[in-house]
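Here's a short tour of a protein model, written for someone new to reading structures. Keep the picture open as you go.

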Amino acid sequence: MRHAADGALAHQRAPGPPAGAYVAGAYIPEGLRLLHLTDDSAEAGRAPVGDILGWNLPAAVGLALAERDSGRNRQVLAIIGDGSLQFSIQGLWTAAQHKLPVVFVVPRNGEYAILKSFAVLEETPGVPGLELPGLDIVALATGYGCAAVEATTEGEVRQACKDALARSGPTVVVVPVAPTVPSLL
Ligand SMILES: Cc1ncc(C[n+]2csc(CCOP(=O)(O)OP(=O)(O)O)c2C)c(N)n1
Ligand SMILES: [Mg+2]
């Protein structure tokens, strides 16, 4: 099954880091272009905060705090896998408490896809623990005090991000994507 939202998110997977650990904690103008939300060609700051699990979410929150403290007040958009999100999900509470304008886009494939890809590369079939079923990420994010919505089509992803940008606090946009095992080579 291929989900309509796959196309919307495919662009943040290439040519950057492999699917998985990434998060782009990219500043909004860059993030918007990645998500095809705008053709804005204005100069964008870019601060990838990516490949170490548990780092990406708090790094995005820290960026937003720094933007506020410095008076630049640029919004932060972070793209965080559903597995990666669990490593430091409590940072959503910090974002909510400080009313930080961060948009967290979470592609939800219900698995650690990148590790499945590594298992194929390393010819190690049957690696356990790579499935992530039953996570209600909208409920989790709401519980930490964030606005949260599921967006299932490219248009819905765009709209959800635009709505998020109009808020003063954090928003989590959960995007269901098809579980796949992309080739690493
Ligand atoms: C501290 C740390 N531990 C382990 C890894 C290995 N690792 C890379 S991606 C990943 C899982 C990513 O899963 P998810 O965020 O759901 O993204 P997907 O691959 O499914 O798109 C893991 C465990 C890492 N990068 N950093
Ligand atoms: Mg995943």
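## Ground rules

Two strands count as paired if DSSP finds at least two bridges between them. Helices (H or I, at least four residues) and strands (E, at least two) are DSSP runs, numbered from the N terminus.

This is a predicted model, where local features need pLDDT of at least 70, side-chain atom pairs count only at pLDDT 80 or more, and totals for chains, interfaces and linings use all residues. Residues are numbered from 1 along each chain as its sequence is written, while chains are lettered from A and ligands numbered from 1 in the order in which they are written.

## The overall layout

The protein has eight helices and five strands. Starting at the N terminus, they go α-β-α-α-β-α-α-β-α-α-β-α-β.

Of its 185 residues, 41% are buried (20 or more other C-beta atoms, placed from the backbone, lie within 10 Å of the residue's own; 12 or fewer makes it exposed, and in between is partly exposed).

Let's look at β2 (76-80). All five of its five residues are buried: Val76, Ala78 and Ile80 sit on one side, with Leu77 and Ile79 on the other. β2 runs parallel to β3, joined by four bridges, and Ala78 stands opposite Phe104 in β3.

Further along, β4 (residues 147-150) pairs with β5, also parallel and over four bridges. Here Val149 is opposite Val173 in β5.

## A helix with a buried face

Helix α8 (residues 154-165) has twelve residues and spans 17 Å from first C-alpha to last, close to the expected 16 Å (1.5 Å times one less than the number of residues). Val157, Ala160, Cys161 and Ala164 are its buried residues. Seen down the axis of α8, they fall within an arc of 95 degrees, so they line one face of the helix (the arc is taken from the directions from the helix axis to the C-beta atoms).

## The core

A nonpolar core is a set of buried Ala, Val, Leu, Ile, Met, Phe, Trp, Tyr and Cys residues joined through C-beta atoms within 7 Å. The largest one here has 36 residues, and those touching the most other members include Ala60, Ala78, Phe104 and Val173. Which helix gives the largest share of this core? It's α3, with six residues.
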